[in-house]
Amino acid sequence: MLELLASLGNAALHMLMQPFYYIALLFIAFYYRRQTLLERKLIHVKMHSWGSEVWRAVWSGLAAGVLVSAAAVLLGVSVTGAAVVCIWVVSAVLVIFRVRYFCFAYSIGLLGILQFILSFFPDFQPGGLGGEAAAAIRGMDIPALLALAAILHLAEALLARWQGPALATPLFLEGKRGRVVGGYRMEAFWPLPLFLLVPAGAGAGDLPWQTLLGGGFGLVSLPVIIGFSQLTTGMLPQRKAARASGWLLLYGAVLLGLALAAAWYSPLTLPAALAALLLHEGLVWYGALEERRRSPYFVHPPHGLKVLAVLPGSPAHELGILPGEVLLKVNGEALTGRALQLHEALRRSPAFCKLEVQNAAGESKYLQRAIYDGDHHLLGVILAPQPDEDTTAPEKPAGILGIALMKTGARRRQSGGSELLPREAAAAQETAAAPAPAPGAAGVLPGPGGAESAKG
């Protein structure tokens with residue numbers, strides 16, 4: 001055990017000297033910074049702090065890394081230094097095409113297919129860097145690496161269930177027939193420092209326990225990044241995260257079973273590698289199909305205003321208003337789907353507000369609260385967009401170039417709400433520039449979900 005601990009310390013020092021972990025941290029910092037810019041562009045307020053989200057990704061990634069490393073060591077998952085470089089190079093190439101391809105299921109699956117192809121050309125020995133890469137791919141323990149990918153997806157599923165709803169970003173999206181609808185994107189990444197066994201026979205001693213995948217005694221560091229991405233317009237973030245987590249758990253369990261079978265019977269290595277790719281793509285395809293079959297959820301009903309999001313720590317949050325609920329009345333005035341009504345109703349009673357809210361079960365609840373100086377705009381409620389909202393976000397997640405250049409992708413439509421309703425849009429701009437009133441003053445600021453454009 002002392003030798004194992006010494007090997008762990010040596011691997012930890014190598015982890016600190018490797019550039020891959022710092023590349024992952026830089027990517028995550030850029031992503032969350034861009035997320036904050038997108039929120040300000042759409043709803044004029046940030047729902048998340050990019051610094052806090054990066055810190056959450058770091059500490060939760062460390063915790064997940066410890067658990068995944070322990071599971072991998074118990075199974076005997078082994079990897080060489082050359083294999084680490086190959087995995088990261090393939091991942092870096094894949095992320096150029098789409099950010100969601102930055103997943104070890106894709107890179108390890110492709111390396112398994114390349115290993116199968118190289119097995120037909122045993123005399124293929126190119127010189128230089130190509131020869132080193134071919135030798136590294138031939139020497140990879142693909143079943144063990146697929147088992148690692150499966151364990152990582154199990155960890156990803158648990159993190160998605162635990163943190164996914166809190167990381168959801170409200171969006172204004174262009175729906176069918178040109179109408180703008182509300183939605184959420186749940187996209188998160190976690191950097192995991194892993195410590196894996198070196199292959200048996202590479203100067204490694206015997207382990208104190210019997211492993212399924214035959215790893216050795218020494219340890220090598222492998223920084224990885226895991227993440228998930230889900231877009232929903234037909235479900236609440238909590239439900240979408242739960243469904244995505246369930247499918248990821250099933251995928252990880254199936255892939256782990258195939259990897260262990262391939263370790264026992266090597267001809268199953270290629271089917272397991274193909275399954276890692278195809279089943280993962282199947283999950284993405286099924287999730288998109290499920291969303292297309294659902295009607296938009298975050299649209300205003302004929303009577304009332306649908307709540308898209310609630311700012312943390314705001315009066316609406318303290319009152320217990322939840323995303324997906326409908327504001328029916330404010331200070332006795334029935335709301336009929338015009339966002340400016342909420343602002344006007346609050347102005348009539350700037351020191352106190354009474355609300356009638358319909359929850360997801362269709363039941364009404366009655367809320368009331370004093371309005372204090374400095375309270376957030378419109379009590380901190382972000383309303384679903386108007387059908388003619390002028391600014392929308394793209395449905396597709398950002399590419400690596402868009403993240404690096406901080407491009408939000410938000411765009412103004414040809415015929416936005418400010419052109420169709422000039423007087424209400426002008427009123428929103430005028431009141432948005434005013435200072436916050438004290439109780440008893442002559443007005444309340446409109447905020448997220450404000451006049452017709454659902455922005456303050």
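**Cysteines and contacts**

Guide: The count of disulfides comes to zero, taking a disulfide as a pair of cysteine sulfur atoms within 2.5 Å. This is a predicted model, where local features need pLDDT of at least 70, side-chain atom pairs count only at pLDDT 80 or more, and totals for chains, interfaces and linings use all residues. Residues are numbered from 1 along each chain as its sequence is written, and side-chain values use heavy atoms, with hydrogens and water left out.

Visitor: Is Cys 86 buried or exposed?

Guide: Cys 86 is buried, at 11% relative accessible area. Buried means under 20%, exposed over 50%, and partly exposed in between (1.4 Å probe, protein chains only). Cys 103 also counts as buried, at 9%.

Visitor: Switching to salt bridges. How many are there?

Guide: The whole structure has eight. The rule is a side-chain nitrogen of Lys or Arg within 4 Å of a carboxyl oxygen of Asp or Glu.

Visitor: What does Glu 290 pair with?

Guide: Arg 243, with the closest N and O atoms 2.4 Å apart. Glu 290 sits in helix H9 and Arg 243 in helix H8, 47 residues apart, so the pair links distant parts of the chain. Helices (H or I, at least four residues) and strands (E, at least two) are DSSP runs, numbered from the N terminus.

Visitor: How covered are those two?

Guide: Glu 290 is buried at 12%. Arg 243 is partly exposed at 28%.

Visitor: Which residue does Arg 412 meet?

Guide: Asp 390, at 2.9 Å from N to O. Arg 412 lies in strand E11 (residues 411-412), and Asp 390 in the loop between strand E9 (381-383) and strand E10 (391-392), so the pair ties together parts 22 residues apart in sequence. Arg 412 is exposed at 57%, but Asp 390 is buried at 7%.

Visitor: And Arg 348?

Guide: The side chain of Arg 348 meets Glu 333 in a salt bridge, 2.3 Å from N to O. Arg 348 is in helix H11 (residues 339-348) and Glu 333 in strand E6 (residues 333-334), 15 residues apart. Arg 348 is exposed at 59%, while Glu 333 is partly exposed at 22%.

Visitor: What makes up the nonpolar surface patch?

Guide: Trp 247, Leu 250, Val 254, Leu 258, Leu 279, Trp 285 and Tyr 286, about 630 Å² in total. Helices H8 (237-264) and H9 (269-293) each give two or more residues. H8 has the largest share, four residues. Patch residues have over 30% relative accessible area and no salt bridge; like charges are joined within 9 Å, nonpolar side chains (Val, Leu, Ile, Met, Phe, Trp, Tyr) within 5 Å. Areas come from the Shrake-Rupley method with a 1.4 Å probe, and for residues only the protein chains shown count as cover.

Visitor: Where is Leu 258, and how exposed?

Guide: Leu 258 lies in H8. Leu 258 is partly exposed, at 31%.

Visitor: Now strands. How do E7 and E8 pair?

Guide: Strands E7 (residues 352-358) and E8 (residues 364-370) pair antiparallel over seven bridges. Pairing needs at least two DSSP bridges between the strands. Gln 358 has Ser 364 in E8 as its bridge partner. Five residues lie between the strands of this hairpin, where Gly 362 has a positive phi near 85°.

Visitor: What about E5 and E7?

Guide: Four bridges join E5 (residues 326-330) to E7, running antiparallel. Lys 329 stands opposite Glu 356 in E7.
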